[in-house]
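Take a look at the model below.

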Amino acid sequence: MNKIINVTRSSMPRFEEYCEEIKDLWDTRWLTNNGIKHNELEKRLKEYLGVENICLFANGHLALELAIATLELPKGGEVITTPFTFVSTTSAIVRNGLVPVFCDINPNDYTIDVTKIESLITEKTCAILPVHVYGNICDVEEIEKLAVKHRLKVIYDAAHAFGVEYKGKGIATYGDVSMFSFHATKVFNTIEGGAVVFKDSSLKVKLEALKNFGMLNSENVEYVAGNAKMSEFHAAMGLCNLKNIDYNIVEREKAVKHYIKLLKDVKGIKLLPWQNNVKANYAYFPILVNEEEFGINRDKIIEKLKEQGIYARKYFYPLVCNLSQYEEFKEGAELLTAQKIAKNILALPLYSDLTACDVEKICKAIIL
Ligand SMILES: *Cc1c(COP(=O)(O)O)cnc(C)c1O
């Protein structure tokens, strides 16, 4: 029986390491609401990410949704974003009563095409919400220029970009706010979890309230809000995983370099480009399949891999704008590149303990 290779495999500390970390919770009996593990993780993450302000959440989606809410954008305002993302990005915009305006992506690294943003700006535009796709960063400098010129807020979906640096600075130092996801499948995980990093330190009070029923303190309930707090057990998992993060990223890098060696000269398979001045996190390894050159299409490759117990993922597919609940926002949008990439992209298995042998097996299954 073949060993199954899934598209991802969560990073975990040794069992004893986690047990050691959670032990004192049996003394404190303080399991959530900004406990010691939560506060320690906040502190360590600020150091690791090189940022001043952070707020932890139960998951990345609610972190993004509440980050948008904190900015108090006008109801019905337009937010320029891309459809080549996880549905969470668009859903966070719409659930805030805002209107997503879909911008196409660039064909090199699949992030927002900055040359097309300006033509989409109207009187109603209030923010740009780009995505650092696969850990590849957006053109943060050009986006910053456009935002200053048109007085727009910039909110990054940095769910894929944990630990990524640009010109020696943490990626979340760009933009007004950035959201990281700490979901089990991400480079750094707290099982479920997420964070908002923000420039204006005065946002902290509202973010804290919005994740805790809108309460400023026990007698003062200021906002209509739900519950999106991170528990002590999740924070403890984060503390353990953060200790091992550099090792995990190095292991991912090894797997990625092995993939590149084996696939770079294969006709009809395009790999992600290297970005200059970027310290990468090797979050994903997508290939773009050109059926005419390669001979078979993306979906056929998935079938071939499956026969050998290897599970790749169409990521991102379908495009968010092709989902029925978001279709109304697509009208008139030119999204040719996004449509083409979504049809031909395939994320191959990648995780820190993916072996060289696994990579060879995967590449063989694709090529032969
Ligand atoms: C994972 C992810 C999210 C949502 O994060 P969760 O922690 O799973 O809620 C949002 N956007 C993108 C691009 C993601 O990959």
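**The ligand and its surroundings**

This is a predicted model. Start at aspartate 157: an N or O atom in its side chain lies 2.8 Å from a nitrogen atom of the ligand. Serine 181 reaches an oxygen atom of the ligand, with a polar side-chain atom 2.7 Å away. Tyrosine 315 also takes part: an N or O atom of its side chain is 3.3 Å from a ligand oxygen. On its own, the ligand has 380 Å² of accessible area, and the protein covers 93% of it.

Now widen the view. The shell around the ligand holds 15 residues. Gly60, His61, Asp157, Ser181 and Lys186 are the closest. Which classes make up this shell? Nine of its residues are polar, four are nonpolar and two are charged. Two elements, α4 (60-70) and β8 (177-181), each contribute at least two residues to the shell.

Three strands form an open sheet in the order β7-β6-β13, and their pairing is antiparallel. The edges belong to β7 (169-170) and β13 (278-279). Each of these has a single partner strand, so one side of each is left without a neighbour in the sheet. In general, strands of a sheet pair through backbone hydrogen bonds, either parallel or antiparallel.

Strand β6 (residues 165-166) runs antiparallel to β13, and two bridges join them. Which residue of β13 faces tyrosine 166? Valine 278 stands opposite it.

How values were computed:
Residues are numbered from 1 along each chain as its sequence is written. This is a predicted model: local features need pLDDT of at least 70, side-chain atom pairs count only at pLDDT 80 or more; totals for chains, interfaces and linings use all residues. Side-chain values use heavy atoms; hydrogens and water are left out. A residue is near a molecule or strand if one of its heavy atoms lies within 4 Å of it. A polar contact is a pair of N or O atoms within 3.5 Å; within protein, one must be able to donate a hydrogen and the other to accept it, and residues adjacent in sequence count only if both atoms are side-chain atoms. Accessible areas come from the Shrake-Rupley method with a 1.4 Å probe; for residues, only the protein chains shown count as cover. Helices (H or I, at least four residues) and strands (E, at least two) are DSSP runs, numbered from the N terminus. Ala, Val, Leu, Ile, Met, Phe, Trp, Tyr, Cys and Pro count as nonpolar, Asp, Glu, Lys and Arg as charged, and the others, Gly among them, as polar. Two strands pair if DSSP finds at least two bridges between them.
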